Amino acid sequence: MTPWKKIVAFSAALAATFGTAYGVGAAVGPSSSAKPAAAHGDSHAPAPAEKPASGKSPGDDLIPAGLQVAQDGYRLDLTTTTVPAGWKSTLRFVVRDAEGDPVTRYETAHGKQLHLIVASRELTTYRHLHPTRAADGTWSTPLDLPAAGGYRVFADFVPAGAAEGLTLGSDLTVTGPYRASEPPAPSTTTTVDGYTVTLGGTLQAGGESDLTFTVRRAGRPVTELQPYLGAYGHLVALRSGDLAYLHVHPHEEAEGEATSGPEVSFAATAPSVGTYRLFLDFKVDGTVRTAAFTVRAGVGTPAPPSPAPAEETPHGH
């Protein structure tokens, strides 16, 4: 072999050696001085945006309520994570601030400092509870759930001094023999304790919808709806699947002890097309009852133009 050929062969071997060493290094992992790879394979992805003074990250408003255990520096900390089915238990939890300390000061919203909702993953079991808070910030409430399975706990509250309320969610396990169940088929009418409640209006995705509930008993309109949590009804709407918690607001607030009815109306915003479960709490004769509905939200469409008024037909004699 000529000297020139020897030099070429040596250079090729040397390059192969360095190439192999580089491949092994890449397989094992980057060195401590290397920058981490950008998310989703985008080597030019910008750095995460800093949170604004409000404490919210861009896109926070697009996330439905109840899907997060922590938001805006507040965290829902369930002390009780498991309860047995069919037995009276006590559910305890703490709301913590950004420093991890229990929150002890709240604003009053809808007559209470904190509303607690417990719902099964199948949306067949629902509880609206008002726990009591100890001086150390621990909330507690009696809880009796009939069926085993996965449940979601929602804490709906307004921290003292905050402009807006939060709904934080966490998972609860109910132990015992489990039997899968499905929510009832969609319907605009349901009956509870002899009261028939009819739903008017259509839940639409991506916009606000007006929902009106009419309460009747033995076919007669009920005009004795009593104030409950600052209105003549309280509505909670949950999305099937992930149990996203919808923001719902009553159209009319209750004044004093005056009664109303048979209708109670709300404005509801559905984040997406899908199946939802509506739970209406209403109070008559001092007892709170819950009427549940299964509805499907569709894409909102503009209302058709109103037809021209028809000409009156003379009455014949």
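The structure is a predicted model, in which local features need pLDDT of at least 70 and side-chain atom pairs count only at pLDDT 80 or more, whereas totals for chains, interfaces and linings use all residues. Residues are numbered from 1 along each chain as its sequence is written, and side-chain values use heavy atoms, with hydrogens and water left out. Strands (E, at least two residues) are DSSP runs numbered from the N terminus, and two strands are taken to pair if DSSP finds at least two bridges between them.

Strands of a sheet pair through backbone hydrogen bonds, either parallel or antiparallel. Five strands, in the order β1-β2-β4-β9-β8, make up an open sheet with antiparallel pairing. The edges of this sheet are β1 (70-71) and β8 (132-133), each of which has a single partner strand, so one side of each is left without a neighbour in the sheet. Within the sheet, β4 (residues 89-96) pairs with β9 (residues 138-143) in the antiparallel sense over six bridges, and Val-94 has Thr-138 of β9 as its bridge partner. Strand β9 also holds Thr-141, which is buried (under 20% relative accessible area, with exposed meaning over 50%, partly exposed in between, for a 1.4 Å probe and protein chains only), its relative accessible area being 6%. When neighbours within four places in sequence are left aside, Thr-141 is in contact (heavy atoms within 4.5 Å) with Ser-89, Thr-90, Leu-91, Leu-116, Leu-129 and Pro-131.

A further open sheet has four strands in the order β14-β21-β20-β17, and its pairing is mixed. Here β14 (204-205) and β17 (234-239) stand at the edges with a single partner strand each, so one side of each is left without a neighbour in the sheet. Strand β17 pairs with β20 (residues 274-284) in the antiparallel sense over six bridges, and Leu-280 in β20 is the bridge partner of Leu-235.

A nonpolar core is a set of buried Ala, Val, Leu, Ile, Met, Phe, Trp, Tyr and Cys residues joined through side-chain atoms within 4.5 Å. The largest such core has 29 residues, of which Leu-203, Phe-213, Leu-278 and Phe-282 have the most contacts inside it. Two or more residues are given to this core by each of β13 (195-200), β15 (208-217), β17, β19 (263-269), β20 and β21 (287-299), and the largest share, five residues, comes from β20. Beyond its neighbours within four places in sequence, Leu-278 is in contact with residues including Leu-199, Phe-213, Leu-235, Val-236 and Phe-293. A second, separate core of 23 residues includes Val-83, Val-118, Leu-129 and Trp-139.
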